[in-house]
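Subject: Structure handover

Hi,

Here is the structure for you to look at. My notes follow below it.

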Amino acid sequence: MRRAMLVGLTAVLGAALAGCGADAGSGTDKSSVTLWMYPVIGDQAKSQAFWTKVEKDFEAANGTIDLTIDQQPWDGRQEKITTALASKKGFDLVVLGPDQIPQYAQQGTLVPVDDVVAPAKTSFLPNSLTALTVDGKLYGVPIYQTITAPIYNKKLFTDVGVTEFPQTWEAFKAAAPKLAAKKIAILDYPGAPEVSLNQSFYPLLWGNGGSVFAADGKTVAFNAPEGVEALQFLLDLQKAGGLPGNTATKKNDIEGGTLAAGKTAVYHAATALQAVQLGAAIGAENVGVGLPLESGKKVAFGIPGGLVLAKHSPQPDAAKKVAAFLSSPEVAAELAKESGFFPARDDVTVPGASPAVQEFAKSLEFAFPGDTHPMARQVMALVAPELQAALLGKKDAKTALDDAAKEANALLAGSG
């Protein structure tokens, strides 16, 4: 990463706000901008302090704009945002992920924000911009980037004579019996239907060259050979003792789980926070961070958080100034430090980044936001129980995915 000088939030002036139009309002009149922010900083007290400071720093640099950062809960997020956009009130800006933006962009309730990032476009991670782009237009200004990567118990591998972390499916299958002989499952796979498939099955599908949807988006493709092979990989590991006994109902919790207890060796789609949690349980020196598990290519699930601008906003120029401020290197660095996520730009140095966080950063180049289809979440809800049926031994890999595909294709046909 190219090093950026951290000069404090109050000094974010000039270039960071260039190209976004004049202040809405004139004379002594002030514009008001409301941003709906979600708990990207997990600690509530730290979150409140951080966003309060951002408000004050922005207003100090922009005397004609009043900024309100309204901190919202994750619960009911989708419904509340949909209602706000339909009723044309509630917020000017809101943080959305790539899987949410397409449906609103197609409905015409959002405004493209290409002009906000244009002055510093080459400094943003290309994957972050691509993920927030719909039909060639950027609908989200990236303010952070998440990434997942394998975390593993180095000692368990060393104890069975495996000196290098197995990066490929074949290496995984070769190491699984060695660990199973000591009653250790190699893969801490969370198969409970409520776990997002972006952090369980889909990374295996993508790493094998597969996709959830066909290229035209009108049908699904997860039951193609690449998908069947991915599910069969899991079933083969399960047969070899490579998955935990409760894998069909297991959640992806680290604390109090089998990975922390030393009964499983790897979680293939973990976050940096989960690496910290694992280190607290087994000792940070025993935690390894690998590159994405692959069978053909490396793909790591990771999404940018994008500030999107509601079309109904009466002060779009002022809102764009807020978006430029929050995506500036100075704010991005501080947000990354407090949230544990990563900046969505490569000219930022995160203060105090741990060695583990630096290892996670190596997977940023492989970041993939998932299949950003308007029906992605609904399709995921249909696939998850069929995967569980296969893990419970009720269906073989092809039957499970074919059955899910029938339901999903019917859903897609009806939504069209």
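First, a definition: rings of Phe, Tyr and Trp (its six-membered ring) pair if their centres lie within 6.5 Å; planes under 30 degrees apart count as stacked, over 60 as edge-to-face and the rest as tilted. By this rule there are 14 aromatic pairs. In one of them, the ring centres of F157 and F165 are 6.1 Å apart and the planes stand at 90°, so this pair is edge-to-face. Both residues are buried (under 20% relative accessible area, with over 50% called exposed and partly exposed in between; 1.4 Å probe, protein chains only). F157 has a relative accessible area of 2%, and F165 has 13%.

Before going on, some ground rules. This is a predicted model: local features need pLDDT of at least 70, side-chain atom pairs count only at pLDDT 80 or more, and totals for chains, interfaces and linings use all residues. Residues are numbered from 1 along each chain as its sequence is written, and side-chain values use heavy atoms, leaving out hydrogens and water.

F201, Y202, W206, F301 and F368 are linked by ring pairs into a cluster. Within it, Y202 and W206 have ring centres 5.7 Å apart and planes at 45°, so they form a tilted pair. Both sit in helix α8 (residues 202–207), four residues apart, about one turn of the helix. Helices (H or I, at least four residues) and strands (E, at least two) are DSSP runs, numbered from the N terminus. Y202 is buried at 3% relative accessible area. W206 is buried too, at 2%.

Two arginines lie over rings. The test is NZ of Lys or CZ of Arg within 6 Å of the ring centre and within 35 degrees of the ring normal. R77 lies over the face of Y38, 4.6 Å from the ring centre. R345 lies over the face of F124, at 4.8 Å.

**The sheet**

Which order do the strands of the four-stranded open sheet follow? The order is β9-β10-β8-β11, with mixed pairing. Two strands pair if DSSP finds at least two bridges between them. β9 (185–187) and β11 (287–289) are the edge strands, each with a single partner, so one side of each has no neighbour in the sheet. On average, neighbouring strands are turned by 20° against each other, direction ignored.

β8 and β10 (residues 264–270) run antiparallel, joined by three bridges. β9 and β10 run parallel, with two bridges. V266 in β10 is the bridge partner of Y152. V266 is also the bridge partner of L187.

Helix α7 (residues 169–180) packs on this sheet and touches β9 and β10 (contact: heavy atoms within 4.5 Å). Its direction makes about 155° with that of β9. Axes here are lines fitted to C-alpha atoms, for helices over the stretch in contact, and angles run from 0 to 180 degrees between N-to-C directions. Is β10 enclosed or open? Seven of its seven residues are buried, so β10 is largely enclosed by the rest of the structure.

**N153**

N153 lies in β8 (residues 149–153). N153 is buried, at 6% relative accessible area. A polar atom of its side chain lies 3.1 Å from the backbone nitrogen of K155. The backbone nitrogen of L156 lies 3.2 Å from a polar atom of the N153 side chain. Leaving out residues up to four places away in sequence, N153 touches A265, I282 and N286.

Best wishes

Technical notes
Polar contact = N/O pair within 3.5 Å; in protein donor to acceptor, adjacent residues only side chain to side chain.
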